[in-house]
Amino acid sequence: MSLTSAPRPRRPVRTVRHDPARQPMLVIWEATRACQLSCLHCRAEATPARNPFELTTDEATTLMAEVLSFGKPAPIFVISGGDCFERDDLYEIARRGVAMGLHVAVSPSGTKKLNRDSLMRLQDVGVNTISLSLDGATKESHDGFRRVQGTFENTVAGWEAARELGMKVQLNSVVARHNVMELPDIAKLVRDLGVMTWSGFLLVPTGRGIDLGALTAQECEDVLNLFYDLGETVPIKTTEGHHFRRVSIQRHVLDKVGRDHREVMNLGLLYEALYDRSEALGLVTGERSRRAPINISSGNGFVFINHVGQVTPSGFLDVPAGNVRDSSLVDLYRNSELFSGIRRTELLEGKCGRCEYRDVCGGSRSRAYNSTGNIYAEEPLCIYEPGSFPFNDEVNDLII
Ligand code: SF4
């Protein structure tokens with residue numbers, strides 16, 4: 001096994017150029033909860049029928065105008081679901097958003113509605129970025145998880161069509177017990193088919209995902225270290241895995257001081273198994289420049305608006321600050337007690353509260369809340385004991 005040899009980023013964690021307390025980088029709008037799939041992990045507990053109280057076409061237009069009023073650079077506006085293809089006005093809403101000057105991305109489900117024609121219609125109205133979900137390396141595991149036969153083939157066909165059309169694709173994969181051993185094989189698909197970003201979502205126990213078998217903290221540490229290794233061959237990021245930023249800093253420091261991470265990081269048998277499989281697939285050494293994770297999190301660079309207009313820090317943190325139907329999104333984001341509080345890392349409790357990485361990590365507030373009922377509780381899936389990493393001066397140079 002080699003220590004990293006590819007060019008390293010100057011800093012192992014990126015920060016957004018604007019103040020994330022003033023404007024988000026990403027605004028996710030859950031256009032509908034309707035979806036023809038019934039995935040085991042579904043945050044939204046999606047149903048086949050649309051809710052008649054969803055934001056209307058004009059309300060969505062007003063919402064997008066408000067997103068623009070955050071100022072420049074305009075946040076990326078992601079139309080999500082459910083399955084946003086369940087809305088007949090999807091193309092009209094996207095067209096209006098693009099015409100206003102927003103960067104609009106679309107996150108559809110892997111159904112038959114995802115096809116070359118629907119992607120071309122999106123392109124016609126100015127959408128060039130989509131995100132898709134793939135939770136297994138084979139149709140057996142992916143379709144078993146999504147609970148509808150054919151979703152693997154639909155997703156891969158949509159992925160290939162989008163690439164042929166020149167669209168940017170983000171691929172999202174839930175990381176949980178059912179598929180953790182397949183991560184190297186999913187990474188190989190990612191490398192072979194090509195994506196802009198591959199996001200590993202560390203399961204948050206919410207919606208139908210409550211009983212899905214989230215990993216342990218030790219297993220998460222193993223997976224996050226594997227993700228760091230894979231960064232040389234695939235453009236990887238995490239969702240609700242903020243301690244990947246801590247791992248990235250530590251691994252960067254260990255590379256710099258010439259220490260093998262296996263001697264310093266507390267890695268388990270899962271890491272060894274995943275690493276060996278990844279090495280066999282040629283995934284742990286490559287030429288690409290590692291992409292540093294970016295320092296945004298729920299309510300701090302990120303905001304979610306649900307299908308009926310409730311504004312929450314994340315789609316996995318179902319605590320609303322208010323509703324866009326009667327309040328200003330910009331005001332809720334900048335000034336509400338919920339959003340102001342979630343950005344104050346000095347309010348964090350337990351390990352996260354005393355951790356030297358709290359300003360670049362802070363743990364998943366969604367997972368803390370869903371596990372304990374306390375937004376400020378410590379991240380349940382982080383193994384790190386604050387103060388225990390041996391190269392503090394080098395770390396401080398990177399996070400101060
Ligand atoms: S203890 Fe909390 S703040 Fe520190 S690395 Fe872990 S999740 Fe992040």
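Ser336 is in contact with Ala321 and Asp331 (contact means heavy atoms within 4.5 Å), when neighbours within four places in sequence are left aside. The model is predicted, so local features need pLDDT of at least 70 and side-chain atom pairs count only at pLDDT 80 or more, while totals for chains, interfaces and linings use all residues. Residues are numbered from 1 along each chain as its sequence is written, and side-chain values use heavy atoms, with hydrogens and water left out.

Ser336 belongs to the loop between α11 (329-335) and α12 (337-342). Helices here are DSSP runs of H or I with at least four residues, strands are runs of E with at least two, and both are numbered from the N terminus. The side chain of Ser336 also reaches the backbone nitrogen of Phe339, at 3.2 Å. This is a polar contact, meaning a pair of N or O atoms within 3.5 Å; within protein, one must be able to donate a hydrogen and the other to accept it, and residues adjacent in sequence count only if both atoms are side-chain atoms.

Leu165 is placed in the loop between α5 and β5 (168-175). Beyond four places in sequence, Leu165 is in contact with Arg116, Leu119, Met120 and Gln123. Of these, Met120 is 45 residues from Leu165 in sequence, with 7.7 Å between the two C-alpha atoms.

Val264 is part of helix α9 (residues 261-264). Not counting residues up to four places away, Val264 touches Leu254, Arg259, Phe389 and Pro390. Val264 and Phe389 are 125 residues apart in sequence, but their C-alpha atoms are 8.0 Å apart in space.

Buried means under 20% relative accessible area, exposed means over 50%, and partly exposed lies in between (1.4 Å probe, protein chains only).

| Residue | Relative accessible area | Class |
|---|---|---|
| Ser336 | 12% | buried |
| Leu165 | 18% | buried |
| Val264 | 17% | buried |
| Tyr357 | 1% | buried |
| Tyr384 | 7% | buried |

## Helix α3

Which residues of helix α3 (residues 116-124) are buried? They are Ser118, Leu119 and Leu122. Seen down the axis of α3, these buried residues fall within an arc of 100°, so they line one face of the helix. The arc is that of the directions from the helix axis to the C-beta atoms. An α-helix has 3.6 residues a turn, so residues three or four places apart point the same way.

The buried residues of α3 pack against α2 (90-100), β3 (103-106), β4 (129-133) and α5 (151-164). On the face turned away from that buried side, α3 carries the exposed residues Asp117 and Asp124. At the start of α3, a side-chain oxygen of Asn115 comes to within 3.0 Å of the backbone nitrogen of Asp117. Just after the helix, Gly126 takes a positive phi of about 100°.

## Nonpolar cores

A nonpolar core is a set of buried Ala, Val, Leu, Ile, Met, Phe, Trp, Tyr and Cys residues joined through side-chain atoms within 4.5 Å. The largest has 96 residues, and those with the most contacts inside it are Trp29, Ile79, Leu122, Trp198, Phe227, Tyr357 and Phe389. Helix α7 (residues 217-230) gives the most to this core, with seven residues. Another core, of seven residues, lies apart from it and includes Phe145, Val174, Leu203 and Val204.

## Aromatic rings

Rings of Phe, Tyr and Trp (its six-membered ring) pair if their centres lie within 6.5 Å; planes under 30 degrees apart count as stacked, over 60 as edge-to-face and the rest as tilted. By this rule there are ten aromatic pairs. Phe85 and Tyr91 form a tilted pair, because their ring centres are 6.4 Å apart and their planes meet at 40°. Both residues of this pair, Phe85 and Tyr91, are buried.

Tyr357 and Tyr384 form an edge-to-face pair, with 5.5 Å from centre to centre and 80° between the planes. This pair links distant parts of the chain, 27 residues apart: Tyr357 is in the loop between α13 (350-353) and α14 (365-372), and Tyr384 in the loop between α14 and α15 (392-399).

Ring pairs also join Phe70, Tyr333 and Phe339 into a cluster. Arg343 lies over the face of Tyr333, at 5.0 Å from the ring centre. The charged end of Arg262 sits over the ring of Tyr275, 4.6 Å from its centre. A charge sits over a ring if NZ of Lys or CZ of Arg is within 6 Å of the ring centre and within 35 degrees of the ring normal.
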